[in-house]
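I opened this model to look up its strands, its loops and a few side chains. My entries follow in the order in which I made them.

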Amino acid sequence: MRGDDMSERGNRSVSAPGAGAVRRRRWLWGGSIAVIAAVGVAWYAWPTGQETSADPHVRHPGKRQPICASPDGRTLYADVDGDGVVDEVRDSEDRDGRTVVTFAGPGNKQARHPVWSIVTTAKGRLKAHASPEEGFRAAFGDFDHDGRVDLAVTYTALPEGDDPVDSASMREVRWGPLGRDLKGRSRGSIRMSHGYYIDGLRAVAGTRPSARANPGPARLLIHQTTGDGAFETYQGRKLGHDLVVPDEPLPRWGQEFAGQKDGWADLGTCPASP
């Protein structure tokens, strides 16, 4: 019996430390997994939600990119499709809808497309020939001030006489990120009193409440015919999910469509590459 007691005590003295070690190992292993998971979640969320690259010429996938223009105002730098890489939008000198977007991808791969061909192809055969020469217009700008570039698109048929005719079949604003099909995450309407022929669309920087404040949401300028070869410039601003254009045009003095800075220069010039 004494020998049996000694054996039992011996077994207990050997097994107790082993069980404690197992528990400690399990605790350490579980804690390590929790720490790794927390670090991983923080690493994943930080670049997409918090950081912004300072230089649009440097590719930073996963970071929100700034919206800015080349010094000559003809090229807009922005993450158009929402993949975290800066794309380039090239405006035409006449601002007549011949806008071209160059999507940048991994390994400096690029895909260059006229904006009108992307939009009208998605609309099907009915709009397959709605080219800039036939009344297609487009303008990129951050109209809702969320750091993503948006797209305003219109199609109004060319006027056939002196009197304006309602001919609008497309007046949309597409909220970014736009994707490579430029369909956008959602869509709204450009609400105007008339669907007359639109000769040009233009995004310009929002007004500053003070000298030190950042610009507000981009404004959409619309150059629309009033008949007899005359045009007026209207301004649209975001209201709800749409862009609303008042009936009254902008004053002609100092506010003419052609009087704005070239291209996107008034949206801010990009910093120089180091």
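**Entry 1: a loop residue.** I started with Asp228, which is exposed, with a relative accessible area of 63%. I take exposed as over 50% relative accessible area, buried as under 20% and partly exposed as in between, with a 1.4 Å probe and protein chains only. Asp228 lies in the loop between β11 (219-227) and β12 (230-239). Its phi is near 60°, a positive value in a residue other than glycine.

**Entry 2: ground rules.** The model is predicted, so I noted that local features need pLDDT of at least 70 and side-chain atom pairs count only at pLDDT 80 or more, while totals for chains, interfaces and linings use all residues. Residues are numbered from 1 along each chain as its sequence is written, and side-chain values use heavy atoms, with hydrogens and water left out.

**Entry 3: the chain as a whole.** I found 2 helices and 13 strands in the chain. Both are DSSP runs numbered from the N terminus: helices are H or I with at least four residues, strands are E with at least two. Of the 274 residues, 42% are buried. The accessible surface comes to about 15,500 Å², and carbon and sulfur atoms hold 54% of it; the areas come from the Shrake-Rupley method with a 1.4 Å probe, and for residues only the protein chains shown count as cover. I also looked at contacts between residues at least 6 apart in sequence: 50% of them join residues at least 24 apart. A contact here means heavy atoms within 4.5 Å.

**Entry 4: the sheet of 5 strands.** I traced an open sheet in the order β1-β2-β3-β4-β5, with antiparallel pairing. Its edge strands are β1 (68-69) and β5, each pairing on one side only. Two strands pair if DSSP finds at least two bridges between them. Strand β2 (residues 75-78) is joined to β3 by 4 bridges, and Leu76 stands opposite Val89 in β3. Strand β3 (residues 87-90) meets β4 over 3 bridges, in the antiparallel sense, with Arg90 opposite Val100 in β4. From β4 to strand β5 (residues 110-114) I noted 5 bridges; the partner of Phe103 in β5 is Ala111.

**Entry 5: strand β4.** Why is strand β4 largely enclosed by the rest of the structure? In β4 (residues 100-104), 5 of the 5 residues are buried, so the strand is largely enclosed. In a regular strand the side chains alternate between the two faces of the sheet. I therefore checked both faces of β4. Val100, Thr102 and Ala104 on one side are buried, and so are Val101 and Phe103 on the other.

**Entry 6: the sheet of 8 strands.** I then followed an open sheet in the order β6-β7-β8-β9-β13-β12-β11-β10, with mixed pairing. The edge strands are β6 (136-141) and β10 (198-204), and each pairs on one side only. The twist averages 25° from one strand to the next, where axes are lines fitted to C-alpha atoms (for helices over the stretch in contact) and angles run from 0 to 180 degrees between N-to-C directions. Strand β7 (residues 150-156) runs antiparallel to β8, joined by 6 bridges; Tyr155 stands opposite Met170 in β8. Strand β8 (residues 168-175) and strand β9 (residues 186-191) also run antiparallel, with 4 bridges, and Val173 has Gly188 as its partner in β9.

**Entry 7: the loop between β8 and β9.** Most residues other than glycine have a negative phi, and most peptide bonds are trans. The peptide bond from Gly176 to Pro177 is cis, with omega near 5°. Leu182 is found in the loop between β8 and β9 too. Leu182 is not a glycine, yet has a positive phi of about 60°. Is Leu182 buried or exposed? Leu182 is buried, with a relative accessible area of 0%.

**Entry 8: a ring and a charge.** I found Lys238 over the face of Trp175, at 5.5 Å from the ring centre. The rule asks for NZ of Lys or CZ of Arg within 6 Å of the ring centre and within 35 degrees of the ring normal.
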